[in-house]
Amino acid sequence: MGTVPSTLDTGVLRRLRLARDAMDREWAGPLDVAAVAARAGYSRYHFVRLFSEVYGETPGAYLARRRIERAQDLLRTANLTVTEICMLVGFTSLGTFCTRFKQQVGMTPTEYRRRARAGGAGAIPGCFVLLWAGAFRADAPGPAIIEKPAPEPAA
């Protein structure tokens, strides 16, 4: 992160913080620099210059970095394909996602997932965990699916 130049006033810093918070909140959506700059009340080019001066990276680089961080978390924990994660974190191109991921992390998403899961258990869907734990048995404590008794045969 960059250092805050002394010539910027707190109003400018507050507007930049609001724009950065919007990127942190809506990282999965189709955000672009022009939309974020409009939220801050600046033109695109003025916003990029101010943002880079204050935070040490362009808004596009910041948003991409935050999306890659979210993708890393999903690759470690979720049972989703790389393409699904790419779309979930806001990238529209799998090639761009993989290139940016490798630039930031140093390995491909698939390799990152394999290494992250090598030492521990893989992601298991919750329904399998409940089935294994017996939550669906009739004699299990708490709510369970109880089968309706068979009707008595007619005499």
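Visitor: Okay, is Met107 buried or exposed?
Guide: Relative accessible area decides that: under 20% is buried, over 50% exposed and anything in between partly exposed, with a 1.4 Å probe and protein chains only. Met107 comes out at 15% relative accessibility, so it counts as buried.

Visitor: Before we go on, what pLDDT do side-chain atom pairs need?
Guide: Residues are numbered from 1 along each chain as its sequence is written, and side-chain values use heavy atoms, leaving out hydrogens and water. This is a predicted model, where totals for chains, interfaces and linings use all residues, local features need pLDDT of at least 70, and side-chain atom pairs count only at pLDDT 80 or more.

Visitor: Which residues does Met107 touch?
Guide: Met107 sits in the loop between α6 and α7 (109-118). Contact here means heavy atoms within 4.5 Å. Not counting residues up to four places away in sequence, Met107 touches Phe101, Lys102, Tyr112 and Arg115.

Visitor: Zooming out, how many helices and strands does the protein have?
Guide: Helices (H or I, at least four residues) and strands (E, at least two) are DSSP runs, numbered from the N terminus. Reading from that end, the elements go α-α-α-α-α-α-α-α. The tally is eight helices and zero strands.

Visitor: And what share of the 155 residues is buried?
Guide: The exposed surface comes to about 10,000 Å², with 59% of it from carbon and sulfur atoms. As for buried residues, they make up 31%.

Visitor: How are α2 and α3 oriented to each other?
Guide: Axes are lines fitted to C-alpha atoms, for helices over the stretch in contact, and angles run from 0 to 180 degrees between N-to-C directions. Under 35 degrees is roughly parallel, over 145 roughly antiparallel, 65 to 115 roughly perpendicular, and the rest oblique. Helix α2 (residues 33-40) packs on helix α3 (residues 44-55) at about 85°, axes 9 Å apart. That makes the pair roughly perpendicular.

Visitor: Which residues make the contact of α4 with α6?
Guide: The axes of α4 (residues 59-77) and α6 (residues 94-105) come within 10 Å and cross at roughly 90°, which makes these helices roughly perpendicular. On the α4 side there are Gly60, Ala64, Arg65, Ile68, Glu69, Ala71, Gln72 and Leu75, and on the α6 side Phe97, Arg100, Phe101, Gln104 and Val105.

Visitor: Which residues does Ala19 touch?
Guide: Ala19 belongs to helix α1 and, at 1% relative accessibility, counts as buried. Its C-alpha lies 9.3 Å from that of Gly41, 22 residues apart in sequence. Setting aside residues up to four places away in sequence, Ala19 touches Val36, Ala40 and Phe47.

Visitor: Which side chain does Asp24 join in a polar contact?
Guide: Asp24 is in α1 (residues 10-25). A polar contact is a pair of N or O atoms within 3.5 Å; within protein, one must be able to donate a hydrogen and the other to accept it, and residues adjacent in sequence count only if both atoms are side-chain atoms. At 3.1 Å, the partner of Asp24 is Arg66.

Visitor: Last one: which side chain makes a polar contact with that of Glu57?
Guide: Glu57 lies in the loop between α3 and α4, and its 18% relative accessibility counts as buried. Its side-chain partner, at 2.8 Å, is Arg65.

Terms used: Accessible areas come from the Shrake-Rupley method with a 1.4 Å probe; for residues, only the protein chains shown count as cover.
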